[in-house]
Structure formats: C-alpha cells, structure tokens
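Here's a quick tour of how some parts of this structure sit together. Have a look at it first, then read on.

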Amino acid sequence: MARSRAQLSDIGESRVAWAGHLRHLAMGILKPSAAVGLALLIGAGVIWAMGEDPIFAYQTLFNGAFKGAGNFVATLQYTTPLLFTGLAVSFAFRAGVANIGVEGQMLFGALAAGIVGYTISAPHFLHVALAMIAAAVAGAVWAFIPAILRARLGVNELVVCLMLNPIALLLTGYFSSYPLKAPGPTNKTYDILASAQLQQFTNSAQLNTGFILALVLLAVFWVIENRTGKGYEWKLVGQNPLFARYGGIGVQKSIIGAFLVSGMVAGLAGAEQVLGVYRAFYNGFSPGYGFDGIAVAMLAKNSPIGVAFAALLLGALNSGGIVMQMMTSVTRDLVKMLEAVIILLLAADFAITSFKARRKVAKAGTAGKSIGGGQA
Amino acid sequence: MVNSVEMRGIVKKFGTLAANNNVDFSAGKGEVHALVGENGAGKTTLMNILYGVIAPDEGSIQIDDRKVHIGNPAVAIGLGIGMVHQHFKLVPSLSVAENIVLGSEPGSRGFFDRLAAMRQVAELADRFALAIDPMATVQDLPVGLQQRVEILKMLYREAKILILDEPTAVLTPQETEELFRTVRNLTSDGKTVIFITHKLNEVMKVSDRVSVMRAGRMVATLNTSEISAAQLAEKMVGRSVLFQVQKQPSEPKEVLLEVKDLRVMSNRGLEAVRGVSLQVRAGEIVGLAGVQGNGQDELVEVLAGLRRSTAGDVLLRGSSSKDFNPRQVREAGVAYIPSDRIKVGLSLDAAIWENMLLGYHATREFNRGGLLDVGKATSFARELISRFDIRGAQVGAPVKSLSGGNQQKVVLAREFSHGRRVIIADQPSRGVDIGAIEFIHKQLVAMRDRGCGVFLISADLDEIFSLSDRILVIFHGEIMGELAARDATVEEVGRLMAGVNRRGGDVIG
C-alpha cells in the first residue's frame, strides 16, 4: 500500500517536472513573441497619433521586408551583421560574461580585415582567410582588456566595455582618417584587393558569402555550446560560478576564454562588412550593429537558433522600414522605437524574474550558508 | 521585573517550513537578553517580526505591556525598537553625523543644519560614552566603529529596545570587548538589549538571561547565572533521536586522510583554524562536532581545495595535497558534499544530467577530443537516478524541479560514483526531510563499509552520534578532544563544544 502510494506520488512528481520543463520551453518562445507583439501595438498607437493608418504602414513595412526577391535580399543583407554580433553577445551572456563591447571589437576586426585586404596579395581563399583571421584576432585583442580586468581584478565588464566602445570608434576613425587614409574626400582606408573580396550574390545588393559563413558559424556554435566539454564549462560558470569552481573548473580561465571567443566573432562581423559590403574600412560605417547584437541576444534567449530568428526580425524591421519611409510619412525612426520598446519589455521581464529568484534564494538561504573565498 | 517586550504564540511559515512555531519570547527592561540557536533555528525571523520586517501568521506582541501591531519598521522605530543588522545599513561616503541623523535631520525650512547635527551627535556619543568623531567619513572607519555608528543611530531615534543581530560576527576580539562594555552601559541606562548570537562564551559573558531556539521552537529561557555553557550547547543542538542507523562496529584500516597542524585564515583575516591535526582511516566515520563558526568551514574548504592554508599539511593516502585546486582534490579521489547545495553543490538551472556530470566532463569516459558524449552522460544519470531512488527526476529537467531531499541525492549520487575513497560530508542532511536524512545516513555507512574514509562535519549532535565511529570536537579553531563514539556522552561532547576541557578547566579566552 505504502509502496503504491509512493509510486503514485512518483508519477505525480514526474508530471510536474515535465510540465515545468515544457512550460520553460514555451515561455522561452512566448515571452519574446509577446514583447514583439506588444511593441508593434504600441507602435501602431504612435503611427495612429501621427495621423497615419497603422495597418497600411505595417503592411508596407512587411512587404518592404519580404515581398519580392530584391526586398528579401536586402533584408538578409541587414540581417547578416546582426547574426554575427547577436551570436557574439549571446555566447558571452550564456557564459556569464556581459560583453557589451561587441561594437568596439567589431570595429577593430573591420579595420584589421581592411588592412590585410590591401596590404598583402594572396590567392583568393587564402587572402580571405587571412583577412578573417586578422579580424578575429583584432576583436579578441580588444576583448582581452575587459576580460583580464574582470577575471583578475573583478572590475565590472559592463563599465569597461561601455568606455572602450567610443575609444574604439575614435581610434579606428583616427587610423582611417590620418595614417592609413586613402587619397580622396572620404575618411577610408585603401580599397581591398579583388582577391580579398567576399563574393556578392547579385549585382544590385551587397548580400555576400559572409551570410553563409554566419549561418555555418551559428551551427558550429550550437555544437560548441551543447555538445562540447568547453561549452558545458562555459554554461556552468555562467549559471553558478561557485558550483563550477567546486567541480574543478577554472572560473577565471573560463571567463577570459569566453570573452576572447566572443571578441573573435565580433571581429568577424567587421570582416564581413569590409570584405563583403564596403570593400574598404570606412570611418563610422557601423550604425550600431554591436548594440543591436545585444537586442538580438536578449530576444534569442542566448541560443544560436534564437539568434537566427531574432536577427532576421531586426533585419526585416530595418530593411522594411526604409520602404515604409518612402511610401508613408512614417520615418525609419519608428523602427528604432520598436527596437527600444522590445528591449525595454524584455529587460523588465528579466528584472522581474531575477528579482523573484533572488527573493526565493533569500528565503531558501535560511537553510544554507555561503562558502567563503569565492573567486570572480 | 517589567517586561519591555513580550511576544506570544508567534507562528511564521515559509511554505511548509515553520521558521517560527508557536514561539513565546520576552525581554525585561534593563536586561541583556541573549537569543541563541544554530543557523536556521528561527532567531532572525523572530527578531524581524519584532522589527516589523516580516508579518507573523499568528501571535501577538506587547511593548511595555501595551498590545501593538508592528506593520513595518517605521512603526517599530516609533515604538522605540532599534535593530542593528549583521550587514550595516550606512551610507559609506557620508560623515558619521550625517549617517546618524539621516531620516530625521535637524534644520528648518528644508535646509539641513550640519552644525546642529554635529553637536547633537557629539552630545549623544558623550552621554553613552561611545567615543566617535562626528566628522569622520564612515567608509574610513574600522568595522567596530561603523557598528558604533549604527548603535548611535538607534539611540538618536530614542530606541529603548536594541536588537543586535550577531554583532560580533564581524568584530575582532578587542572590538568585541568594546561592544560588551557599550552593551552594559546601555542597560544601566535602562535600555533593553536583545543579543542574537551562536557563540556561547559571549552569552555567558554579557547576558542576564538567555533564550534558546531550535528548529523554529523556543526550547528554554533561563537565567544565565544558572546554566553552564555546556548545558547551553546541549540545548542548542538538541537530542531528539528519530531513528538509529544500523551499523556494525568499524574496522579501520590504512590512513586515507591526514591533517597535520593545519592553520587557516578566515575571510576577515583572523586565524580560524589554529593547529588542527586529525586522521581519517579507511572503513571509519570520523565526526567533527562543534558549534558553527568555530573553524569548521575554513577547515573543510582547505580540504576541498577551495581555500589556502597558512601552515601545516594535508596528506591524501600519504602524499601531500597542500595547495591542490578543486580539480586536483577530486582526481586524488576525494568526494565532497558541501554544506550549501543551493549555492555550491548544484546549479539549479542546469539539467539533472549536467549536475551529475560535473567533475567528470573532461574524463575519457564522457569526453572524446573535446566532444561531450551526451548519450552516455544521460544514461549514466539515469542509472544514478534509479540507484539513488531520486523521485520524480527526468534527466533533462532542471534540478530546481526536485524537492530539497532529492536535490541532495543528486549531489550524493555524483560524489559517490567513480570510486572515490575519501568522503568529506559537510552538514549532509541539512534542510532535508526525515526520509532523505535516513537515506543519506545509510549511504554514508554503506560507503564506510565499502572501505571509504568518511569525515563528517555536523552541528547536529544526533547526526554525529548516530553515524560516527570516532568523535572529534572543535572549538575556536582547535580540536578540544577525541572520543570513541560508543563511550561518549552528550554531556561530555557538549562541554567540549563550549570550550571546557576534560579536566573541567575553562579555556574561554
């Protein structure tokens, strides 16, 4: 009798566990979708207040993003840099590293790719590969500054990254405006050689093989995060560094490693823009792809698959927004507003969840005590 | 005696856990009343109720024989109740005087009268003989003086009842002496001081009366002069045998773990472990008894590779493991059950299989050239789930979906696999239900019988007595004595826990 009751409660408990698991998954998709829906609703209110028809405006935006091959290619072109930067940020977030310095790491990656693109000559594949490697290394080097400060001295990486971003913008701006400036009216480096160019798919748009590379990279990172020992370590350090340390994982090493890998991906984002789109490093070419990467990572809940969809969404909003601006009196700024509202909603949800979790821990904490001497 | 505080029938439940279970508490005017008990006994909950931070589910409170309802701390302050928390609530960049008057600043028409504040604070400090510079910046002050600022802040608000929550936890011995002097000054001025602590020598030294809490209940309230520290220790850790684990007499074999004259510093830079030596042999369970905060945490952290020692050595099967990191400790065959499974022993958001894999994820068994064999890891986890009877566990579900007892079984399952020989079990059954306690105890005995050496650290005398083959008692970072479990008595262990040695001499510093 007692046995059967135990078994019954067993089934009950496992049902609860599974239900919780499914709910967790559903929430992962539902919450970002709800944030997007709510943002569109608020946007509709703004459009209506401007005296425009929200349905027509959204229709032109949607058609501008997806209707016809030309529009769709443009959307993918906008999506490509966000795939890289979104992946860079989400990978770091998952490892417990708030790398919001992707913008700066991307700029140095771009500059490095631009320099290698015109200073050496090599066969096509080798030249592209060398430029990409240079970009990855440059991104990692710039990421090493917040990494070492956080791991060794416990300096908050958010602050360091925020301050390094404008420094990167101004430094790369200086190089492309003075010592490395190509003759002519614009502040840019020399055009890269044809052998370093990433192949564009069509004559009318700049979508290039960098897009394919981004998709491959997403797949590779899915494997790294879910199927390798390193990915396992990064995830645990991100979730609970005390637990990771107790299990023999080097927490400082893990943090530095995650920062460097994230910086490499950020560097590749810059390489794609220089080798595939602009064919030279232009001062201030980025409209803030690194920052949009933060939005992508938040929408994606830090999963590579999520990054693909979130980047596509933001890419579509941006490319459709241009068409909407041409067809209606609603300007592209609406898209920036939508992005901001989405982030705000997701951040508010995150704040509420972590607040709840902290209260839970505080309550449960009466039964436990902390272990001293924790690192980083 | 006039009671300035009287709490009756206080009940407070968090979920199913009764943090306060029908507690009566009273403190007289002008007395120092010590409130003692282990961590989690419900002391802080009770005082948070008195201070209006937590609302009780049941019960009534009287202040100066008047029934009151304390809905929030502002009401408590209005009633003359002040609380100094373990973590100070001061503004580090402001001056002492500014901190003290903050919230009820002198001045008029919205302007702050800094001079008046300085003068008032200086007068207040003078009146209670609490020397302090009102113009000093708080962040420049040593911890003892910061605490003094907190106390002055309460006095500035004319508190008659002061609650000090583990006030000595952050103090040096000299600062502690100063604090005791202050406390006596306050009571001679007619104030009531409620002193929360789990250090027995402080109770004996400073209090007039003492109330003992255990597992949410008030066990006893006594005059301090009528009880010894040893009796107090016994009351604190209790003796409520629920079951006895069946075990054969031990057959100790070779020494697996040896600690030689180990010295360890605490986070505060004080010597927490002061020359501890001990041995754990294969096939025996050695229990380390002691009131919490007597160096157990620091000792265990060194054994686990989480903290560095300053002197002495730790030998694993005869070879030194000094300055090993946690990975090296693991590879040397040490299993470690940390006292806090939520913060250290598990990652609640990670899946059960991921929690069970920790420490083995880099071994050839589960990792080939950097690639994780997830299939093997999950089937390994499934095997452990059935072997350790972890109820309601799906390998892919997060650990937080399990109950406390089943979470602890996940820790045990992981640590007891892969043939570890030395087991360090720190409070292995804290906060789990009785069924899980029994299971955990049986597992520990089974590991002993399989030839492991088990080092059990527990503040619970029941656990120590029912599992140990030998009992060591730690007090103030030193081993006070060693007893064979079969002829040890609770009274004797209690005496040693309170720092009184066998000859009856008092070694309290």
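Domain bounds here come from an automatic or database domain assignment. The model is predicted, with local features needing pLDDT of at least 70 and side-chain atom pairs counting only at pLDDT 80 or more, while totals for chains, interfaces and linings use all residues. Residues are numbered from 1 along each chain as its sequence is written, and chains are lettered from A in the order in which they are written.

**Domains of chain B**
- Chain B is assigned domain 1 (3-237), domain 2 (254-333 + 420-509) and domain 3 (344-418).
- The C-alpha centres of domain 1 of chain B and domain 2 of chain B are 33 Å apart.
- Where these two touch, domain 1 of chain B gives 15 residues and domain 2 of chain B gives 17 residues (contact means C-beta atoms, placed from the backbone, within 7 Å).
- On the domain 1 side, α8(B) brings the largest share, seven residues (helices are DSSP runs of H or I, at least four residues, numbered from the N terminus).

**A wrapped-up helix in chain A**
- In helix α8 (residues 229-239) of chain A, 10 of the 11 residues are buried, so the rest of the structure largely encloses it (buried means 20 or more other C-beta atoms within 10 Å of the residue's own, C-beta atoms being placed from the backbone).
- Among the buried ones are A:Tyr232 and A:Trp234.

**Two helices side by side in chain A**
- Helices α3 (residues 69-94) and α10 (residues 251-278) of chain A pack at about 175°, their axes 8 Å apart (axes are lines fitted to C-alpha atoms over the stretch in contact, and angles run from 0 to 180 degrees between N-to-C directions).
- α3(A) and α10(A) are therefore roughly antiparallel (angles over 145 degrees).

Notes: Buried ≥ 20, exposed ≤ 12 C-beta atoms within 10 Å, placed from the backbone. Parallel < 35°, antiparallel > 145°, perpendicular 65-115°, else oblique.
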